Amino acid sequence: MSTSEALGLLNLLQLASPALPVGAYSYSEGIETLIEQQVIRDRDSLYTWLDTELSYGSIRIETAIMVRAYLATQSEDWEKVSFWNSWLSASRETLELRRSSQQMGQTLLKLVEDLEPGVTAHLPAHSCNYAIAFGVAASRWQIDLESATLAYLQAWTTHLIGAGVKLIPLGQTTGQQLLWMLRDRLMTTAAAVRSLPDSALSSCNWGLSLASMAHETQYMRLFRS
Amino acid sequence: MTETTSHWQGSLDLAFRPQGDRTQMYRTYAKAPLKIQRPFYPENPAVCHSVSLHTAGGMVGGDRLSQQINLDRGSRALMTTVAATKVYRSNGLEAEQKIKMTLGDRAVLEWLPQETIVFNNAQYRQHTRIDLAPTASLIAWDIVRLGRSARGETFIGGAFGQNLEVWQNQQPLWIDRLWLPGNERIWHSENGLAQNPAIATLICFSPQIEPEIIAQLRQCTPSEAAKVGITQTQGGGLLCRYRGQSTAAARQWLIQIWAMLRQSLWQTPVCIPRVWQLQSLQG
């Protein structure tokens, strides 16, 4: 492994780490509601939810926008980065999902700037979505696009499994089994997302949208989405 | 397969403007199978009601329909359709409809078409783009039945795509890109339809929206078991979604919301278009 490859790997591990302090642990993306509604109640139903979201859901679109932010950063096309950021803000299903995406995005942006001042100079100062901040960071940190795409999806899956483990609840080992079982799906989705044309930026988000809307008025909740 | 049959390339091009205290429809171009009925004024002259229709009864694969609706500054229109729009089982080609609406300053559009019935194995894609002046108001809904549920048909083949975009000052306010492939997984899973054939969306944008209205709207409940939700979009807009067993119940719920919004935004009651009452209310 060359020095630059080793650096890229280290940067990837840091960017995709669940320990990255962006507050991902406080968002369940509707899973808290689905657990309360007993739609998700055990390992298998959580697996089905995540597997179907990865196959058809809006996480595919979000990841495809991360890919666009990565590529636009490589060509230093800041107008394009900003366009996709506005596009993603407009397409987030609910107020909570939009807020969580922007809160995490702003936090990541600030962190990236703290680590390496000047890197985020051209980015939207307000309301930067997480997928955009991640794509920019991955590009600036010499992480290859294929790894960045897989890592983005894997980090999303890991944190929602974490929400399920806490709320259903499930054992830690069961959580790891789920992640293990989803590896094939993560690879298929990552490959599909990288080649998604703009005209195919659409998803089946009906369940997520309804769950997230219900979460906004849920009486007892531990998570912010 | 060589394609020999000709397909509909229907279009509508309508424009509204105020003339005195009246909203006048001053451009009415229609190409078959789309038609527009003579406008009428059941409420007052300021609100122009108009009803469009598809004279061939429904869309088949290969059909391309387009609509362009312009509301000039200060005009006010309510639009609906004479009947449900059917999209038949596809012959392999996709049917497509493009709708573009532009609302000038202080223009008000209520876009309330009757339901779209997407037959099992239909291939249909609809693109709607609305450009809103910052002072304009919009209430638009879309009610869809997937599969002819009254006959026990489920939507497990074909695909339904719906892009709905609202832009203001060249910036996207709301982008809703739905892609529902007809298959067992989408039909059964909670992520998709959870075995519900009826879905509906209502969006509302207006500088007159008070943030408190959302709590009031949440008091509206559908008449049948269904999942519904309401949230806030960018630019202070509202988004309401329905997923349940019947489009009639969806419409009843949406009418409650529409009534509350009309009261809150303009202090006027709803004026139910007569064409709706002729429809049977079966799910």
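This is a predicted model: local features need pLDDT of at least 70, side-chain atom pairs count only at pLDDT 80 or more; totals for chains, interfaces and linings use all residues.
Me: In what order do the seven strands of the open sheet in chain B lie?

Reply: In general, strands of a sheet pair through backbone hydrogen bonds, and they do so either parallel or antiparallel. Here the order is β2-β1-β6-β9-β12-β14-β15 in chain B, with mixed pairing.

Me: Why is one side of β2 and of β15 in chain B left without a neighbour in the sheet?

Reply: β2 (22–31) and β15 (171–181) of chain B are at the edges and have a single partner strand each, so one side of each has no neighbour in the sheet. On average, neighbouring strands of this sheet are turned by 10° against each other, direction ignored.

Me: How many bridges join β14 of chain B to β15(B)?

Reply: There are 10 bridges between β14 (residues 159–168) of chain B and β15(B), and the two run antiparallel. Across this pair, B:W167 is opposite B:P172 of β15(B). Helix α5 (residues 78–91) of chain A packs on the sheet and touches β14 and β15 of chain B. The direction of this helix makes about 65° with that of β15(B).

Me: Which residues lie nearest the centre of the largest pocket?

Reply: The general idea is that a probe the size of a water molecule, rolled over the atoms, shows where empty space is left. The volume of the largest pocket is about 700 Å³. Its lining has 32 residues, and A:A16, A:A155, A:W156, A:T158 and A:H159 lie nearest the centre.

Me: Which element gives the most to that lining?

Reply: α8(A) does, with 11 residues. The elements giving two or more residues are α1 (3–15), α6 (95–115) and α8 (145–167) of chain A. By type, the lining residues are 20 nonpolar, eight polar and four charged.

Terms used:
Residues are numbered from 1 along each chain as its sequence is written. Chains are lettered from A and ligands numbered from 1 in the order in which they are written. Side-chain values use heavy atoms; hydrogens and water are left out. Two strands pair if DSSP finds at least two bridges between them. Helices (H or I, at least four residues) and strands (E, at least two) are DSSP runs, numbered from the N terminus. Axes are lines fitted to C-alpha atoms, for helices over the stretch in contact, and angles run from 0 to 180 degrees between N-to-C directions. Contact means heavy atoms within 4.5 Å. On a 1 Å grid over the protein atoms alone, a cavity is a set of points where a 1.4 Å probe fits but cannot get out, and a pocket is an open set with protein on both sides within 12 Å along at least five of seven lines; lining residues have an atom within 4 Å of a point. Grid points are joined across faces, edges and corners, and a volume is the space filled by probe spheres set on the points. Ala, Val, Leu, Ile, Met, Phe, Trp, Tyr, Cys and Pro count as nonpolar, Asp, Glu, Lys and Arg as charged, and the others, Gly among them, as polar.
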